[in-house]
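Please find my notes on this model below.

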Amino acid sequence: MRFAGLALAAVLALAGGQLTVGPAKAQTVSYAQAAGLLAQHCGGDIMKHCRGLNLGNNAVGNCLAQNAAQLTPACAANHAGIREMTEARAAAQKQVYKTCDRDAAQFCPGLVPGDGNIVSCLLEASKVVSATCTASLVNAGYGQ
């Protein structure tokens, strides 16, 4: 219980960032950014409805979904979008090797497909990789 309270306090501390949730094509966020957004928009709801839940395994997200009818307007309007952005990030990370396979073959010869070093190589070659690969790297959270 004490750890969950400390973890939630850490999440609430992240809320000071300037992230906003809004419609954007292929927008993705890291789990840390998502936690900050949840704290910003749903901190009170988490304390009221989900106190003591572990942050892992989407326990807080599931709790918010189960209590959807009782959520504040800000939380109700944003928690699904935050989840969608983290899911988009995970999907982009799975897709990046497929999207960048030609670039990897050309600019990172000798590296094994699926190897994390391919991402590093592609980032180093960012000025010459395709726009599609660059966009995939950015959506996956690897590029800028």
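1. Cysteine 50 and cysteine 63 are joined by a disulfide, S to S 2.1 Å (a disulfide being a pair of cysteine sulfur atoms within 2.5 Å). The link is left-handed, with -95 degrees about the S-S bond. It connects distant parts of the chain, 13 residues apart: cysteine 50 sits in the loop between α2 and α3, cysteine 63 in helix α3. Helices here are DSSP runs (H or I, at least four residues), numbered from the N terminus. Cysteine 50 and cysteine 63 are buried (buried means under 20% relative accessible area, exposed over 50%, partly exposed in between, with a 1.4 Å probe and protein chains only).

2. On provenance: this is a predicted model, where local features need pLDDT of at least 70, side-chain atom pairs count only at pLDDT 80 or more, and totals for chains, interfaces and linings use all residues. Residues are numbered from 1 along each chain as its sequence is written, and side-chain values use heavy atoms, with hydrogens and water left out.

3. The structure holds 4 disulfides. With the bonded cysteines of the protein chain numbered in sequence order, the pairing reads 1-4, 2-3, 5-8, 6-7.

4. Cysteine 108 bonds to cysteine 121, S to S 2.0 Å. The torsion about their S-S bond is about -100 degrees, so this disulfide is left-handed. Cysteine 108 lies in the loop between α5 and α6 and cysteine 121 in helix α6, so the pair ties together parts 13 residues apart in sequence. Both cysteine 108 and cysteine 121 are buried.

5. The disulfide of cysteine 100 and cysteine 133 has its sulfur atoms 2.1 Å apart. This link is right-handed, with 110 degrees about the S-S bond. Cysteine 100 is in the loop between α4 and α5, cysteine 133 in helix α7, 33 residues apart.

6. Which residues of α7 are buried? They are Cys133, Ser136 and Leu137. Seen down the axis of α7, the buried residues fall within an arc of 100 degrees, so they line one face of the helix (the arc is that of the directions from the helix axis to the C-beta atoms). Their cover includes α4 (73-99), α5 (101-107) and α6 (116-124). Ala131 and Thr132, on the other side of α7, are exposed.

7. Leu38, Cys42, Asp45, Ile46 and His49 in α2 meet Val60, Cys63 and Leu64 in α3 (contact means heavy atoms within 4.5 Å).

How values were computed. Helix = DSSP H or I, 4+ residues; strand = E, 2+ residues; numbered from the N terminus.
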